[in-house]
Amino acid sequence: MRQRSMSIVAGVLVATALAIVAGCAPKKGTTTTGSETKVQITGAGSTFVNPIMSRWSSEYEKLTGVQVNYQSIGSGGGIQQFKEGTIDFGATDVAVTAEEQKDFTRQFVQFPVVAGTVAVVYNLPGVTQNLQLSPEVLADIFLGKIKKWNDRRLAELNPGVNLPDQDIVVVHRSDGSGTTYIFTDYLSTVSTEWQQRVGRGKSVSWPVGVGGKGNEGVTGQVKQLPGAVGYVELNYAVQNNLTFAAIRNAAGKFVLPGKSTGEEATRMAVEKLKQDIGSSVVNMPGENSYPITGFVYVLVDKQPKDAAKSAEMKKFFEWVLRDGQKMAVELDYVPLAEEVAQMSLQKLAEVP
Amino acid sequence: MRISRLYEMWRRFANIASLTITAVCAVVVMAPVFIILIYLLANGIRSVNWEFLSSLPKPPGDEGGGMANAIVGSFYMVGLGLLLSLPVGVGAGVYLAEFGRSRYGNAVRFMADVLNGVPSIVIGISVWALLVVPMRSFSALAGGVALSFIMIPMIARTTEEMVRAVPNSLRAASLSVGATYARTMWSVVLPAARGGIVTGVMLALARAFGEAAPLLFTALGNRFWNLYLDRPMANLPTQIYEYAKSPYQDWHRQAWAAALVLIAVVLVLNVVARMSTRERFRALR
């Protein structure tokens with residue numbers, strides 16, 4: 001009796017092994033569902049782009065049956081995996097620099113697919129309006145030089161707002177992040193002291209404050225700590241009903257993060273992008289442009305290992321750059337200005 | 001006289017005090033389990049429904065959707081891990097119990113213990129370098145192999161203990177009626193040790209089922225269905241991780257539901273493990 005059950009266990013194991021090996025046999029890169037054959041494309045990287053990417057992927061599958069599987073492993077991870085060739089495309093919030101491109105063994109193109117704004121969020125009991133912040137004040141808050149919410153310089157920027165006598169608690173990211181890069185890139189652009197003392201990077205040594213892991217960590221900290229101020233991608237601020245600040249832009253106007261202000265910033269960046277598609281777009285000129293804006297870039301092989309798959313991927317990104325842009329707004333992203341989308345399409349055209 | 005009275009009072013006091021402290025400790029041991037269960041039930045039970053169990057993830061903006069592919073993916077890769085680790089683990093365990101009193105046996109035992117202690121993220125990265133990079137693709141196979149690395153030492157060490165616990169008289173009886181050594185192992189020793197081995201396997205399965213770290217850089221994850229070995233595959237732990245850190249309420253809700261499903265499977269595996277141990281004791285009696 002026992003002996004028989006041992007044999008049954010062994011039999012089941014062998015049968016399963018055979019079934020799996022048999023299941024592995026069909027041609028690589030295709031899934032067969034009924035009679036139609038489905039292409040599956042794998043991409044990974046930026047966490048920020050994940051919600052809109054899964055929206056695009058879902059809509060595109062309904063239209064064409066092509067499955068674009070995107071996984072959020074972080075911008076750094078996306079670049080690394082793309083470099084190793086384990087994924088079909090990578091996505092990153094920080095463009096790959098000319099210096100970093102030397103490490104790549106294969107030729108690739110990078111181009112923006114969507115943009116986003118970074119919101120400065122805060123938790124001030126009793127203050128529900130959008131505070132106005134100048135770049136200098138923002139830098140001094142994150143440098144730890146302005147310590148109280150009722151500081152004279154804050155009060156001057158916000159006449160009529162009853163600012164409480166409360167300590168400012170700075171909340172920043174504890175992990176490496178594209179959001180941190182965009183934010184510190186902005187602070188370095190507007191404040192020489194910030195540039196000298198802290199600089200720009202995916203993770204920097206913060207002069208003051210407490211860390212939170214991920215956008216969700218910073219969101220949670222700001223929600224719980226009265227007096228807290230932090231920076232998150234706009235969709236986290238909106239989804240969690242956090243109040244955010246209007247920032248004074250290069251033209252001297254106070255603007256809130258959002259679709260139109262972000263789009264204006266990307267439009268103003270066109271000339272700069274023509275020189276280098278990876279150039280920074282923070283603190284752009286323009287009456288209505290939000291200064292803490294950044295792109296999400298996609299990396300695609302110029303000499304793909306699988307030509308058929310690459311052709312499908314090209315069609316997907318063409319769709320993203322044309323029809324996909326209007327979906328960006330619903331999810332609090334910034335659609336690319338028409339001129340920028342055209343530049344991306346030109347870059348994409350280099351892919352066979 | 002007085003001293004002995006005092007001493008007795010002290011003894012009684014010490015007795016009561018120790019009993020109370022250990023009882024409190026026992027409660028503290030149980031408390032986290034109940035807290036986790038109650039918390040998961042409170043947050044997750046409303047979201048565990050047919051839609052959650054049977055449909056694919058939906059993008060943000062569309063309410064609903066589920067994790068059917070992740071549930072199947074988790075079972076698939078744990079099953080694959082079992083397929084790879086059971087023969088190796090049981091084989092190694094039998095070797096260690098029967099012939100393992102050599103320097104080589106000690107080395108194997110030591111390595112198995114080291115492997116058991118290797119952080120699972122390290123296993124994930126190693127398998128990434130070993131399989132994902134050469135295959136130039138994340139895959140269910142890599143996920144299964146990573147999980148088998150976690151299960152092999154657990155299965156090997158429990159098998160060794162269980163085979164060693166089988167009384168020598170049983171081996172002697174089998175050999176004396178003319179059975180070969182192989183026949184003795186297969187028909188007498190292994191069946192006698194079966195309950196214990198099953199317990200070890202179940203505990204290994206439960207551990208593998210809940211692991212996210214080895215799958216992050218091997219199976220990667222998938223928004224769609226996949227049953228192929230050479231493609232990325234969805235799984236519950238990494239899906240929970242992704243959903244929990246999203247900005248969307250609806251995804252948080254589903255992360256709770258997925259956590260509840262995960263803990264339910266782990267609980268069932270543990271209960272089965274417990275039951276097979278009881279069966280073993282009955283068999284030996």
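## Before you start

This is a predicted model, so local features need pLDDT of at least 70 and side-chain atom pairs count only at pLDDT 80 or more, while totals for chains, interfaces and linings use all residues. Residues are numbered from 1 along each chain as its sequence is written, and chains are lettered from A and ligands numbered from 1 in the order in which they are written.

Seven residues from domain 1 of chain B and eight residues from domain 2 of chain B make the contact (two residues are in contact if their C-beta atoms, placed from the backbone, lie within 7 Å).

On the domain 1 side of that contact in chain B there are four nonpolar, three polar and no charged residues. Here Ala, Val, Leu, Ile, Met, Phe, Trp, Tyr, Cys and Pro count as nonpolar, Asp, Glu, Lys and Arg as charged, and the others, Gly among them, as polar.

## The two domains of chain A

Chain A is assigned domain 1 (39-114 + 296-348) and domain 2 (117-293). Their C-alpha centres lie 27 Å apart, and 24 residues of domain 1 of chain A are in contact with 21 residues of domain 2 of chain A.

On the domain 1 side, α3 (75-84), β5 (108-122) and α15 of chain A each supply at least two residues, and α15(A) gives the most, with four residues. Helices (H or I, at least four residues) and strands (E, at least two) are DSSP runs, numbered from the N terminus. By class, that side of chain A divides into 14 nonpolar, six polar and four charged residues.

## α15 and its partner

Helix α15 (residues 338-348) of chain A also packs with helix α13 (residues 307-322) of chain A, at an angle of about 170 degrees and with their axes 10 Å apart. That makes the two helices roughly antiparallel. Axes are lines fitted to C-alpha atoms, for helices over the stretch in contact, and angles run from 0 to 180 degrees between N-to-C directions; angles over 145 count as roughly antiparallel, under 35 as roughly parallel, 65 to 115 as roughly perpendicular and the rest as oblique.

From α13(A) come A:Lys314, A:Phe317, A:Glu318 and A:Leu321, and from α15(A) come A:Ala341, A:Ser344, A:Leu345 and A:Leu348. Sorted by class, the residues of this contact are five nonpolar, one polar and two charged.

## Where the chains meet

Between the chains, 34 residues of chain B are in contact with 34 residues of chain A. On the chain B side, α3 (68-99), α5 (120-135) and α8 (181-209) each supply at least two residues. That side holds 18 nonpolar, eight polar and eight charged residues.

## The nonpolar core

In soluble globular proteins, nonpolar side chains tend to be buried together. The largest nonpolar core here has 165 residues, and A:Val120 and B:Ala258 have the most contacts inside it. Such a core is a set of buried Ala, Val, Leu, Ile, Met, Phe, Trp, Tyr and Cys residues joined through C-beta atoms within 7 Å. Helix α6 (residues 140-165) of chain B gives the most to this core, with 15 residues.

Leaving aside neighbours within four places in sequence, A:Val120 is in contact with A:Leu133, A:Leu138, A:Val229, A:Tyr231, A:Phe244, A:Ala245 and A:Ile247.

## A buried aspartate

A:Asp185 sits in helix α7 (residues 178-190) of chain A. A:Asp185 is buried because 21 other C-beta atoms lie within 10 Å (buried takes 20 or more other C-beta atoms within 10 Å of the residue's own, exposed 12 or fewer, and partly exposed is in between, with C-beta atoms placed from the backbone). Not counting residues up to four places away in sequence, A:Asp185 touches A:Arg200, A:Ser280 and A:Val282.

Definitions and conventions
Domain bounds come from an automatic or database domain assignment.
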